[in-house]
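Reader: Please take a close look at one part of this model and its side-chain contacts. Keep it brisk, and give the cut-offs as you go.

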Amino acid sequence: MTEKELESIMGLIIFGGDAKGKAIEAIKFAKQYDFKNATMKIEEANAALILAHNSQTKQLAAEASGKPIEMSLLMVHGQDHLMNAITFIDLAKEVIDVYKEIHRVGRITNNAE
């Protein structure tokens, strides 16, 4: 495995892991009804996800140009991080929406009393 390939794989792991972590932080803020910070963390997660995707795109472009990428456990691990990040971000957005609705309904109920 070349140094460039390893760097690209590490981009998947680092940025994918960062994106997932930011999505988890977003959910924690939403649980506190802090939607401003939850939104900020989702934006940060998306920014990290773009960097991870850029690493993957480099790998795909190299393979498409006839330079096969060596399949390794590290590569599988990197792709796993990317897919988990995508899943967590999607899930975090849904969870934030649920907390927003809970908060909205709670305010309506409290105002009605």
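Author: Buried means under 20% relative accessible area, exposed means over 50%, and partly exposed covers what lies in between, with a 1.4 Å probe and protein chains only. E44 has 26% relative accessibility, so E44 counts as partly exposed.

This is a predicted model: local features need pLDDT of at least 70, side-chain atom pairs count only at pLDDT 80 or more, and totals for chains, interfaces and linings use all residues. Residues are numbered from 1 along each chain as its sequence is written, and side-chain values use heavy atoms, with hydrogens and water left out.

Take helix 1 and what it touches. Helices here are DSSP runs (H or I, at least four residues; strands are E, at least two), numbered from the N terminus. Helix 1 covers residues 3-31. It has 29 residues and spans 42 Å from first C-alpha to last. That is close to the 42 Å expected at 1.5 Å a residue. The expected span is 1.5 Å times one less than the number of residues.

Now its buried side. Among the buried residues of helix 1 are S8, I9, G11, L12, A19, K22, A23 and A30.

Next, a surface feature. M1, L6, M10, I14 and L74 form a nonpolar patch with about 400 Å² of accessible area together. Areas come from the Shrake-Rupley method with a 1.4 Å probe; for residues, only the protein chains shown count as cover. Patch members have over 30% relative accessible area and no salt bridge; like charges are joined within 9 Å, nonpolar side chains (Val, Leu, Ile, Met, Phe, Trp, Tyr) within 5 Å. Helix 1 gives the largest share, three residues. L6 is found in this helix. L6 is partly exposed, at 36% relative accessible area.

Then the charges. A salt bridge is a side-chain nitrogen of Lys or Arg within 4 Å of a carboxyl oxygen of Asp or Glu. The structure holds four. In one of them, K41 meets E25, with the closest N and O atoms 3.0 Å apart. This pair links distant parts of the chain: E25 sits in helix 1 and K41 in helix 2, 16 residues apart. K41 is buried, at 11% relative accessibility. E25 is partly exposed, at 31%. K41 also bridges to E44, at 3.2 Å, N to O. E44 and K41 both lie in helix 2, three residues apart, about one turn of the helix. An α-helix has 3.6 residues a turn, so residues three or four places apart point the same way.

Finally, the end of the helix. Just after helix 1, Y33 takes a positive phi of about 60 degrees. Y33 is partly exposed, at 36% relative accessibility. F35 is buried, at 17%. Aromatic rings of Phe, Tyr and Trp (its six-membered ring) pair if their centres lie within 6.5 Å; planes under 30 degrees apart are stacked, over 60 edge-to-face, the rest tilted. The count comes to two pairs. Y33 and F35 have ring centres 6.1 Å apart and planes at 55 degrees, so that pair is tilted. Y33 and Y99 have centres 6.4 Å apart and planes at 70 degrees, so that pair is edge-to-face. Y33 lies in the loop between helix 1 and helix 2, and Y99 in helix 3, so the pair ties together parts that are 66 residues apart in sequence. Ring pairs link Y33, F35 and Y99 into a cluster.
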